[in-house]
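Hello,

Here is the structure I promised to pass on. Please open it and read the notes below alongside it.

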Amino acid sequence: MTFTKTSQKFGQWADSRANTVFGLGFSSEQQLTKFAEKFQEVKEAARLARDKSQEKIETSSNHSQESGCETPSSTQASSVNGTDDEKASHASPADTHLKSENDKLKIALTQSAANVKKWEIELQTLRESNARLTTALQESVASVEQWKKQFSICRDENDRLRSKIEQLEEQCSEINREKEKNTQLKSRIEELESELREKEMELKDLRKQSEIIPQLMSECEYVSEKLEAAERDNQNLEDKVRSLKTDIEESKYRQRHLKGELKSFLEVLDGKIDDLHDFRRGLSKLGTDN
């Protein structure tokens, strides 16, 4: 197994026999580096212990083979050259050496088994810790996905509100244009009213002249015709004034209606902006906790 740093605060290793990948997260890069160094030390210690146990097993097997080969030769030599006492004197040093080697091997195997149990306990502890961290990581990932969805929804809502604001701004510009038109109409009405007053003054003067100078009947007829034309113009102007007043009232009504809609929309927008600030603070808090 090889420990690999996948980021500044996370590392993982794979167990090919169990077909499993383990990962651990750390609060700082120094802890991750320290864990990697300890992991490598334990791995080297395990490898050395395994090599030593393998060498001792091979040595014991070689000694057993040598003892098996030497025993027939010694028995043959004793049967040919010596007595039973000589046979015992030749066999006892080899047996003593084999017993000491076997005792050493037993001690080494006992220590290796104890180390293996200790490493198995540590490995089990690491697996449990890894399982807890994996569960916490999965919960964190699920929470982050949920926050991402909520953030996407809020962003879409914000875009929709922005488009609505743009529409309202366009409507406000239209209202301003209508105000300008109303101002122009008011100025035009004032001009028409002034003209109407002038016409009335002229009419009064003409009437006075008609009363004072009866001999000018022809001029009176002309003046009367002019008066009738002026009255017709006055009637037309009054109709235009009424139409303009009606347009002004309708424009004022639309303006009040648009102001009410804009006020309600701004209240909704303020609530959404407050919700967005709360969401941003929650997201910042979640990032800080992570």
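**Aromatic rings**

Helix α1 holds both Phe 35 and Phe 39, which sit four residues apart, about one turn of the helix. Keep in mind that this is a predicted model. Are these two residues buried or exposed? Phe 35 is buried, and Phe 39 is buried too.

A pair of aromatic rings is described by two things: the distance of the centres and the angle of the planes. The structure holds 10 aromatic pairs. Phe 35 and Phe 39 make one that is tilted, with 6.2 Å centre to centre and 45 degrees between the planes. Another pair, Phe 151 with Phe 279, is stacked. Here the values are 5.8 Å centre to centre and 20 degrees between the planes. Phe 151 belongs to helix α2 and Phe 279 to helix α3, so this pair ties together parts that are 128 residues apart in sequence. Phe 151 has 37% relative accessibility, so it counts as partly exposed. Phe 279 has 8%, so it counts as buried.

There is also an aromatic cluster. Its members are Phe 3, Trp 13, Phe 22, Phe 26, Phe 35 and Phe 39.

**Pockets**

Rolling a probe the size of a water molecule over the atoms shows where empty space is left.

The largest pocket has about 900 Å³ of space. Its lining counts 26 residues. Nearest its centre lie Met 1, Val 42, Ala 46, Trp 119 and Leu 123. β2 (10–15), α1 (29–81) and α2 each give at least two residues to this lining. By class, the lining has 12 nonpolar, four polar and 10 charged residues.

The second largest pocket has about 430 Å³ of space. It is lined by 18 residues, and Phe 10, Leu 24, Gly 25, Leu 133 and Leu 137 lie nearest its centre. β2, β3 (20–25) and α2 each supply at least two lining residues. Which element gives the most to this lining? That is α2, with seven residues. The lining divides into nine nonpolar, eight polar and one charged.

**The cavity**

The count comes to one cavity of 30 Å³ or more. The volume of the largest cavity is about 30 Å³. Leu 168, Gln 171, Cys 172, Ile 175, Leu 258 and Leu 262 line it. The largest share, four residues, comes from α2. Five lining residues are nonpolar, one is polar and none is charged.

Best wishes

Definitions and conventions:
Residues are numbered from 1 along each chain as its sequence is written. This is a predicted model: local features need pLDDT of at least 70, side-chain atom pairs count only at pLDDT 80 or more; totals for chains, interfaces and linings use all residues. Side-chain values use heavy atoms; hydrogens and water are left out. On a 1 Å grid over the protein atoms alone, a cavity is a set of points where a 1.4 Å probe fits but cannot get out, and a pocket is an open set with protein on both sides within 12 Å along at least five of seven lines; lining residues have an atom within 4 Å of a point. Grid points are joined across faces, edges and corners, and a volume is the space filled by probe spheres set on the points. Ala, Val, Leu, Ile, Met, Phe, Trp, Tyr, Cys and Pro count as nonpolar, Asp, Glu, Lys and Arg as charged, and the others, Gly among them, as polar. Rings of Phe, Tyr and Trp (its six-membered ring) pair if their centres lie within 6.5 Å; planes under 30 degrees apart count as stacked, over 60 as edge-to-face and the rest as tilted. Buried means under 20% relative accessible area, exposed over 50%, partly exposed in between (1.4 Å probe, protein chains only).
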